[in-house]
Amino acid sequence: MKCPFCHHEGLKVTDSRDATEMNAIRRRRECLQCFKRFTTFETIELTVQVKKRDGTYEDFNQQKLINGLAAACRHTKISYDQVIALASRITHELMQSHVQEISTTRLGEMAMKHLQALDPIAYIRFACVYKRFKDLGELEEAIKGIHSKDERQVLA
């Protein structure tokens with residue numbers, strides 16, 4: 001790594017902290033030649049393969065998860081910052097489980113579990129894509145499932 005100011009290769013780390021919301025390590029560095037300081041982020045590369053419905057595989061991409069969650073959460077009470085935090089939480093769960101492969105269906109279930117607790121509209125929007133409802137009956141069942149869960153929470 002080179003200093004972004006003078007391009008000298010001699011650097012020292014003055015501070016290092018976890019940036020868990022970004023799945024990264026934040027390092028404060030100082031150039032040994034010009035003595036200017038700057039911050040770098042070392043991201044953790046998650047090597048999980050996602051098995052798609054058609055049987056093909058692709059690398060897990062947190063940005064794709066963020067995009068899907070953001071689309072479901074648009075015009076709800078869930079902010080974009082909350083979407084990013086949710087995607088980070090799901091990514092962290094994947095890292096903690098030490099899986100090397102996950103299906104898109106399972107990944108969708110993880111996202112739906114979190115969305116159901118946050119906002120029922122975002123949950124239904126997301127579920128429509130991941131569960132691929134074939135008719136209104138399936139959609140109605142999903143909505144009834146939310147209502148019955150809400151009723152159980154009120155009674156508890």
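**Figure 1. The open sheet β5-β4-β6 has three strands with mixed pairing.** Its edge strands, each pairing on one side only, are β5 (57–59) and β6 (101–103). On average, neighbouring strands of this sheet are turned by 30 degrees against each other, direction ignored. The model is predicted: local features need pLDDT of at least 70, side-chain atom pairs count only at pLDDT 80 or more, and totals for chains, interfaces and linings use all residues. Residues are numbered from 1 along each chain as its sequence is written, and side-chain values use heavy atoms, with hydrogens and water left out. Helices (H or I, at least four residues) and strands (E, at least two) are DSSP runs, numbered from the N terminus. Two strands pair if DSSP finds at least two bridges between them. Axes are lines fitted to C-alpha atoms, for helices over the stretch in contact, and angles run from 0 to 180 degrees between N-to-C directions.

**Figure 2. β4 and β6 pair in the parallel sense, with helix α3 lying across them.** Three bridges link β6 to strand β4, residues 49–51. Glu101 in β6 is the bridge partner of Gln49. Helix α3 (residues 104–118) runs at about 75 degrees to β6.

**Figure 3. Helix α1 spans residues 62–73.** The twelve residues of α1 reach 16 Å from the first C-alpha to the last, close to the 16 Å expected at 1.5 Å a residue; the expected span is 1.5 Å times one less than the number of residues. At the start of α1, a side-chain oxygen of Asn61 comes to within 2.9 Å of the backbone nitrogen of Gln63. His75 follows α1 and has a positive phi, near 65 degrees.

**Figure 4. The buried residues of α1 are Leu65, Ile66, Leu69, Ala70, Ala72 and Cys73.** They cover an arc of only 160 degrees around the axis and therefore lie on the same side of α1; the arc is that of the directions from the helix axis to the C-beta atoms. Buried means under 20% relative accessible area, exposed over 50%, and partly exposed in between (1.4 Å probe, protein chains only). These buried residues pack against α2 (80–97), α3 and α4 (120–130). Contact means heavy atoms within 4.5 Å.

Figure 5. β1 and β2 run antiparallel and are joined by eight bridges; Lys12 has Glu30 in β2 as its bridge partner. Seven bridges hold the antiparallel pair of β2 (residues 24–31) and β3 (residues 37–43), where Arg28 stands opposite Thr39 in β3. β2 and β3 form a hairpin with five residues between them, and Phe35 in the turn has a positive phi of about 65 degrees.

**Figure 6. Arg29 lies in strand β2.** Arg29 is buried, with a relative accessible area of 11%. Its side chain makes polar contacts with the side chains of Thr40, at 3.0 Å, and Glu42, at 3.1 Å. A polar contact is a pair of N or O atoms within 3.5 Å; within protein, one must be able to donate a hydrogen and the other to accept it, and residues adjacent in sequence count only if both atoms are side-chain atoms. Leaving aside neighbours within four places in sequence, the residues in contact with Arg29 include Met1, Leu11, Val13, Lys36 and Phe38.
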